[in-house]
Amino acid sequence: MPSNQKSSLKKHWSSEAIAYQIYPMSFKDSNGDGKGDLRGIIEKLDYLNGSQNSLGINTVWICPFYKSPMIDFGYDVMDFKDVDPIFGTIEDFEELVEGLHQRGIKIIIDFVGNHTSDKHPWFKESRSSKSNPKRDWYIWRDAGPDDGLPNNWISVFGGPAWQFDPITKQYYLHSFLSEQPDLNWHNPELRQEMMDVIDFWVKKGVDGFRVDAFLNFVEDKLFREDPINPFYQKDGENAYNSLMHKHSLGDLAENTPINQFLKEVLKKHEDVLIVCEAYIGPEDMHRLHKLYNSERFTVFNFNFINSKIEVGRYKEAIDKYLTKPPENFLPNFVIGNHDVDRVATRLSAPEAKILAFLQFTLPGMPFIYYGEELGMTNTSVPREALKDMIAQMFPGFHPGRDPERTPMQWDNSKYSGFSTNKPWLPINQNYKNINVVSENQEENSTLSLYKRMIAFRKGSEVLTRGEYFPRNSASPNVISFERVFDNKRLLVLANMGNEVEREILPIDKERIDIIFSTNYKSHHRKSLVSVELLPFEGCIIEVE
Ligand code: TEU
């Protein structure tokens, strides 16, 4: 059995980080306009950490709060260095950072550098004439031969990725909405300006950046056509999937301008963490990690963001990701975000909890999407109340992302304690039971379980720093592994199924100590050398 694994020692704060994603429009409204804001987050700091009843997280990622026309709810930025009046002021942001840091919470913000809003002054200049100095900051092409489009590239949200602009009679590229023109990262002046943006926020105390749409930053310089995807099923699939994005997405391991830029950010700002958003598999994640070779760099691990639990596939994904890791590897596990159905809706409530248990017992940063800790589910939003453009672009096919973005459920008062006025999106009808106040009072609630899991992880060097060793288990429904640090060994068992499972433990001891269980009634029990796991129960056993 491996002894002290010094290689797993990590000193940067990210090695102990437990991150919480806040979608600011939906977290807490402080001024009664029905939309969340920065002062709202300030009001709720004690909920996050630093007081007796806190959740206990130590890192937040706050989604965009920059000046924006809000076509993509903040992912269409008009000014990278200012706060949108909906969310407050730059002074509010400074106060927020101070409050977070006082409570030992690091702050990660979005770096939305692939595109701007079409209302951004840079784009206004760029589109004004072919000779404008900012023309090359965006991607402009002449019309192509047949339908006029420069090539066959498709935008992530469906439809051509090119928009004709009558002013100069050329097309501009937009990987997302046509209101989100792509920036040209080959342009050195643009990169310089973006470095200023990073410096600006680091100066304000920001500890890390989540790089939005990382793979979209750099396209093929020759603008070659994307090949057809032979597996595409026309009905019920986004047209984006009809092509393989060989040329419209950047090459992962290449020394592209964005990779050079991010490496420079890491070098310049010695404590800053970078988290890249890219939907890729374990091998590709490793390639990227190797390229950066830094414990301050990670790529979101979205391998748990699936429609249903397939234990075999999960085991494989975990093992591929964690065994033979690249040097200075900082892993992470994500089970939900503002772009996908909430985990308790995608799966069932007990499945969501056992997945969270894995997040807190595996190595790497867990990311909690606000409300996940309550078991919040998707909200069905009536057609007339839908806000997300995707829902409007694919009526009847894609419900958009509003259902997973509805307001945080704080208590059982009108508007769930989120606002004093009608919120921008409807509150889920289950808020009378699923809310912070009620769940704080129940030992058996999802919130109480999250608090126990977070506290346990924070108190366990083995879980935060230990090596990972996969283990075979008798049942195909049980995921099992060991964590080892400094001659201490923990065995983790997670029953991913809805039947009782018996695990016989290959341990030379008469009795073993179960030091944690997701089952609130039995979180500390002694047992013989076999363990009975209840449906969807996860437990941690002290081996040495
Ligand atoms: O998302 C990028 C991305 O890949 C997503 O578009 C995803 O495929 C899509 O939302 C399907 O549900 C980032 C942000 O997370 C997203 O909210 C933004 O809309 C997008 O970039 C554009 O900035």
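This is a predicted model: local features need pLDDT of at least 70, side-chain atom pairs count only at pLDDT 80 or more; totals for chains, interfaces and linings use all residues.
1. Overall dimensions. Taken along the principal axes, the box filled by the C-alpha atoms is roughly 80 × 50 × 50 Å.

2. Secondary structure and contacts. The chain contains 14 helices and 21 strands. Among contacts with a separation of 6 or more, 67% are between residues 24 or more positions apart.

3. Burial and surface. Buried residues make up 60% of the 544 in the chain. The accessible surface is about 22,000 Å², and carbon and sulfur atoms contribute 49% of that area.

4. A three-stranded sheet. Strands β6, β8 and β7 form an open sheet in the order β6-β8-β7, and the pairing is antiparallel. Because β6 (140-141) and β7 (162-165) are the edge strands and each has a single partner strand, one side of each is left without a neighbour in the sheet. The antiparallel pairing of β7 with β8 (residues 170-173) runs over four bridges. Within this sheet, W162 is found opposite L173 in β8.

5. The pair F65 and Y66. Aromatic pairs number 41 in the structure. In the pair of F65 and Y66, the ring centres are 4.7 Å apart and the planes meet at 45°, so the pair is classed as tilted. F65 is buried, at a relative accessible area of 1%. Y66 is likewise buried, at 2% relative accessibility.

6. The pair F304 and F333. This aromatic pair is also tilted, with 5.3 Å from centre to centre and 35° between the planes. F304 belongs to the loop between β11 (297-299) and α8 (311-322), whereas F333 belongs to strand β12 (residues 332-334), so the pair ties together parts that are 29 residues apart in sequence. F304 and F333 are both buried.

7. Lysines over tryptophan rings. Two such arrangements deserve a check in the model. The charged end of K44 lies over the ring of W410, at 4.2 Å from the ring centre. The charged end of K134 lies over the ring of W137, and here the distance to the centre is 4.8 Å.

Technical notes: Residues are numbered from 1 along each chain as its sequence is written. Side-chain values use heavy atoms; hydrogens and water are left out. Two strands pair if DSSP finds at least two bridges between them. Helices (H or I, at least four residues) and strands (E, at least two) are DSSP runs, numbered from the N terminus. Rings of Phe, Tyr and Trp (its six-membered ring) pair if their centres lie within 6.5 Å; planes under 30 degrees apart count as stacked, over 60 as edge-to-face and the rest as tilted. Buried means under 20% relative accessible area, exposed over 50%, partly exposed in between (1.4 Å probe, protein chains only). A charge sits over a ring if NZ of Lys or CZ of Arg is within 6 Å of the ring centre and within 35 degrees of the ring normal. Contact means heavy atoms within 4.5 Å. Accessible areas come from the Shrake-Rupley method with a 1.4 Å probe; for residues, only the protein chains shown count as cover.
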